[in-house]
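Subject: Handover of a structure, with findings

Dear colleague,

I am passing the structure below to you for your records. My findings follow directly after it, and I would ask you to read them with the structure open.

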Amino acid sequence: MDPKIINIKDRLKNKDPDKTNEDVMAELITELAKQIYDLTISQQRLANIIGNQNAEIEKLKKGKWI
């Protein structure tokens, strides 16, 4: 999932009349927390891939094939 821009002012201005500002802010915090989690997982996967590639490069430098 790609991160999306969250415009807090627009969310508060165009909120459901049955919701309070606190309800809207709680939803925004939850949404932001999910984005941070997704980005952290993506970063960990990328670090793992890079680590594996670096290990393979070192093997190739030493003339050791898999």
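The count of salt bridges comes to five, where a salt bridge is a side-chain nitrogen of Lys or Arg within 4 Å of a carboxyl oxygen of Asp or Glu. This is a predicted model, in which local features need pLDDT of at least 70 and side-chain atom pairs count only at pLDDT 80 or more, while totals for chains, interfaces and linings use all residues. Residues are numbered from 1 along each chain as its sequence is written, and side-chain values use heavy atoms, with hydrogens and water left out.

Salt bridges

Helices here are DSSP runs (H or I, at least four residues), as are strands (E, at least two), numbered from the N terminus. Arg11 is partly exposed, with a relative accessibility of 31%; the classes are buried (under 20% relative accessible area), exposed (over 50%) and partly exposed in between, using a 1.4 Å probe and protein chains only.

A further salt bridge links Lys34 with Asp38, whose closest N and O atoms are 3.2 Å apart. Both residues lie in helix H2, four residues apart, which is about one turn of the helix. Lys34 is partly exposed at 46%, whereas Asp38 counts as buried at 17% relative accessibility.

The side chains of Lys61 and Glu58 also meet in a salt bridge, with 3.5 Å from N to O. Because they are three residues apart in helix H2, about one helical turn separates Lys61 and Glu58. Lys61 is exposed at 64% relative accessibility, and Glu58 is partly exposed at 39%.

Overall form

The protein chain has two helices and zero strands. Its radius of gyration is 21 Å, whereas a compact globule of 66 residues would have one near 11 Å; the value is taken over C-alpha atoms, and the globule rule is 2.2 Å times the number of residues to the power 0.38. The C-alpha atoms fill a box of roughly 70 × 15 × 10 Å along the principal axes. Of the 66 residues, 8% are buried.

Surface and charges

The chain exposes about 5,900 Å², of which carbon and sulfur atoms supply 58%; accessible areas come from the Shrake-Rupley method with a 1.4 Å probe, and for residues only the protein chains shown count as cover. Ile8, Met25 and Ile29 make a nonpolar surface patch of about 260 Å². Patches are made of residues with over 30% relative accessible area and no salt bridge, like charges being joined within 9 Å and nonpolar side chains (Val, Leu, Ile, Met, Phe, Trp, Tyr) within 5 Å. Ile29 lies in helix H2, residues 21-61, and is exposed at 57%.

Ile5 lies in the segment before helix H1 (8-13) and is exposed, with a relative accessible area of 84%. The C-alpha atoms of Ile5 and Leu32 are separated by 9.7 Å, although these residues are 27 apart along the chain.

Yours sincerely
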